[in-house]
Amino acid sequence: TQFETQLRSSLPALGDRIVIGGVEKLSELQGTTLKLRAYEELLKNYPMWRSRVTLLQVCFGAGKSEMADEQSVEHRRIVARIRNAFGAETVHYLEVGTEIERDEWCVNARLAVFRMLDVFLNTAMKDGLNLLPFEYVLTKMEQNKNGVVVLSEFVGCSHVLNGGVRVNPFNLEHVVEQIDTALAMPPNERAARLAKDYKFVSENTTTSWLHVAVQDMRRVRSTTIHDDAQRPTLALASWPAGVKVGQPLPALSVSAMARCYRQCSRRLILLGLDGTLIQQEKVIAYLKNFQDFQGHSLSPPPAALHCLRALAADPLNTVYVISGRSALDMEACLGDIEGLGLAAELGFLQMAPQRGSRKWTQRELTGEQACWRQLARPVLEEFARRTNGAYIRWLDSAALWCYQNADPDFGRFQAGKLTAALRTKFTDAGVTVCHSPVKGQVEVRIAGVNKGVVADDVFCSVAATAPVDFVLAIGDDDEDEFMLSAVTARAASAPMRGSIRDCLYTVTVGHKAASHAQYTVEHSREVLRLLEMLRDGRGD
């Protein structure tokens with residue numbers, strides 16, 4: 001535009017520098033003073049940016065109130081300080097009515113400023129209906145250029161623009177760090193973040209966004225997963241060791257378990273994958289980056305793979321890894337381990353541990369279960385459209401509505417509504433619906449498919465050839481509870497009770513309200529330590 005051309009000609013330093021900035025009203029709540037201070041700290045603490053960036057800040061509303069004039073004076077004081085310390089080309093501060101003629105300032109002029117910004121920086125202390133970040137996203141996409149939104153968490157649109165980088169404007173050090181992150185962000189990540197926000201902005205009107213914001217304000221903040229982490233895991237069953245129902249579960253004695261393992265000759269080991277062999281934090285981070293495991297398989301750490309290989313090679317052991325992941329993904333990360341049994345999609349698909357060529361076997365579906373996809377798809381897609389950052393993963397036996405990339409509070413809120421809608425739709429349809437706040441997903445799955453069913457099948461199959469005298473089952477989430485419960489029930493049955501005696505170990509990883517396990521371990525790192533002791537034959 002003509003305005004953009006004039007502005008660029010008057011500010012030649014913009015041409016070869018990364019441009020940070022924004023457009024704000026002269027108001028203390030808009031946080032422009034905090035923005036200028038953060039930028040000043042960036043130049044102080046990150047000298048590599050001094051010759052590479054510039055700040056372009058436009059403010060309007062001068063002369064309309066005494067408070068606005070005070071803000072103008074404060075801004076110009078900080079700008080003068082930055083220029084004196086780092087050079088005039090490092091910051092450009094423009095006010096409508098002074099540097100910009102009032103009759104020139106319009107929507108097109110504002111969009112022209114957005115076209116010039118590589119990083120849109122907002123540090124408002126409190127702001128509700130602010131549509132300028134939306135305008136920036138649309139402008140950069142129409143311009144076919146990448147841009148990054150650094151947005152105050154106290155702005156109303158921050159919980160829907162999930163491609164942006166959120167900041168707490170009152171934490172100056174944090175703001176500076178996030179600006180540095182935005183400046184150093186690789187082009188592919190910039191493009192992915194902007195595309196994510198563009199999808200939401202282009203598919204939703206101001207009215208629909210405002211409706212989401214009002215719902216967000218009305219709801220009560222969920223404390224589902226925050227409280228559990230502070231409390232001990234309670235027993236759901238009584239155990240011979242003296243633990244009774246409702247009492248805290250004891251920590252696993254790894255050395256005692258390892259000694260028992262060495263004394264036995266027919267051993268069954270059942271393990272979860274994500275959160276058990278792989279740290280749950282890494283799983284969530286991976287999903288945030290790739291939105292799916294397909295094509296980007298996340299494997300257990302090399303040490304864990306080495307342990308699995310050694311344990312599966314022992315002829316006295318039968319080792320299975322049971323996961324909710326797809327067969328393709330499980331085979332990609334664990335399929336090359338000879339003698340390791342695999343169960344994908346919670347046991348809907350199984351691969352026996354025999355060596356040589358192996359094939360997946362699939363469970364049969366009933367007639368009423370055959371059409372579950374057609375019923376689930378419109379509901380899942382509607383909630384994915386409403387929730388920026390949410391996406392759907394389709395498996396053979398399930399659909400996962402994932403919100404790891406959505407605003408955490410709003411994602412959990414939407415997940416609760418989706419769960420209720422799906423349960424209403426699938427009444428008596430042979431399908432189960434469950435919500436896992438820890439994993440950030442709602443799952444629609446064919447009924448009767450769970451880790452408990454496959455664990456019991458494997459237990460009976462192994463015991464049919466020779467009595468099992470040692471069982472170790474480890475898992476971390478609600479799906480693993482089915483496995484722990486099923487293993488416990490089978491071990492307590494008359495045919496098994498005599499051979500297993502005191503060599504049953506069911507273990508839950510991390511904290512939860514209650515568990516069917518006998519013991520707990522704090523973290524997947526302890527699971528790795530346990531497997532290393534079994535591999536090495538140590539008992540200390």
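**Briefing: salt bridges, rings and cysteines in a predicted model**

Glutamate 89 and arginine 17 join their side chains in a salt bridge, 3.6 Å from N to O (a salt bridge being a side-chain nitrogen of Lys or Arg within 4 Å of a carboxyl oxygen of Asp or Glu). Glutamate 89 sits in the loop between helix H3 (66-86) and E3, and arginine 17 in the loop between H1 and strand E1 (18-25), so this pair ties together parts 72 residues apart in sequence. This is a predicted model, so local features need pLDDT of at least 70 and side-chain atom pairs count only at pLDDT 80 or more, while totals for chains, interfaces and linings use all residues. Residues are numbered from 1 along each chain as its sequence is written, and side-chain values use heavy atoms, with hydrogens and water left out.

**Overall picture**

- The protein has 19 helices and 20 strands (DSSP runs numbered from the N terminus, with helices being H or I of at least four residues and strands E of at least two).
- Of the 540 residues in the protein, 54% are buried (buried is under 20% relative accessible area, exposed is over 50% and partly exposed is in between, with a 1.4 Å probe and protein chains only).
- Take the contacts between residues at least 6 apart in sequence: 68% of them join residues at least 24 apart (contact means heavy atoms within 4.5 Å).

**Salt bridges**

- The structure holds 23 salt bridges.
- Back to the opening pair: glutamate 89 is partly exposed at 33% relative accessible area, whereas arginine 17 is buried at 13%.
- Glutamate 41 pairs with lysine 44 in a salt bridge, with the closest N and O atoms 3.6 Å apart. These two are three residues apart in helix H2 (residues 32-45), which puts about one helical turn between them. Glutamate 41 is partly exposed at 23%, and lysine 44 is partly exposed at 42%.
- Glutamate 382 and arginine 385 also meet in a salt bridge, 3.1 Å from N to O. They are three residues apart in helix H14 (residues 372-386), separated by about one helical turn. Glutamate 382 is partly exposed at 29%, and arginine 385 is partly exposed at 36%.
- Arg37, Glu74 and Arg77 are linked in a salt-bridge network.

**A buried aspartate with no partner**

- Aspartate 197 is in helix H7 (residues 187-203).
- Aspartate 197 is buried but has no salt bridge, and the nearest side chain of opposite charge, lysine 196, is 6.8 Å away (Lys and Arg count as positive, Asp and Glu as negative, and His and the chain ends are not counted).
- Leaving aside residues up to four places away in sequence, aspartate 197 touches Val137, Val160, Leu161, Asn162, Gly163, Gly164 and Asn388.

**Aromatic rings**

- The count comes to 11 aromatic pairs (rings of Phe, Tyr and Trp, the last by its six-membered ring, pair if their centres lie within 6.5 Å; planes under 30 degrees apart are stacked, over 60 edge-to-face and the rest tilted).
- Phenylalanine 3 and tryptophan 105 are an edge-to-face pair, 6.3 Å centre to centre with 65° between the planes. Phenylalanine 3 lies in helix H1 (residues 2-10) and tryptophan 105 in the loop between strand E3 (91-95) and helix H4 (107-116), so the pair ties together parts 102 residues apart in sequence. Phenylalanine 3 is buried at 12%, and tryptophan 105 is buried at 16%.
- Phenylalanine 114 and phenylalanine 120 make an edge-to-face pair too, at 5.6 Å and 75°; both are buried.
- Tyr261, Phe470, Tyr505 and Tyr519 form one aromatic cluster.
- Arginine 267 lies over the face of tyrosine 261, 3.8 Å from the ring centre (a charge sits over a ring if NZ of Lys or CZ of Arg is within 6 Å of the ring centre and within 35 degrees of the ring normal).
- The charged end of arginine 377 sits over the ring of tryptophan 394, 4.4 Å from its centre.

**Cysteines**

- A search of the whole structure turns up one disulfide (a pair of cysteine sulfur atoms within 2.5 Å).
- That disulfide joins cysteine 260 to cysteine 503, at 2.1 Å from S to S. Cysteine 260 is in helix H10 (residues 254-263) and cysteine 503 in the loop between helix H18 (494-500) and strand E18 (504-509), 243 residues apart. Cysteine 260 and cysteine 503 are both buried.
- Cysteine 264 is in no disulfide, and the nearest cysteine sulfur, that of cysteine 503, is 3.7 Å away. Cysteine 264 is buried at 5%.
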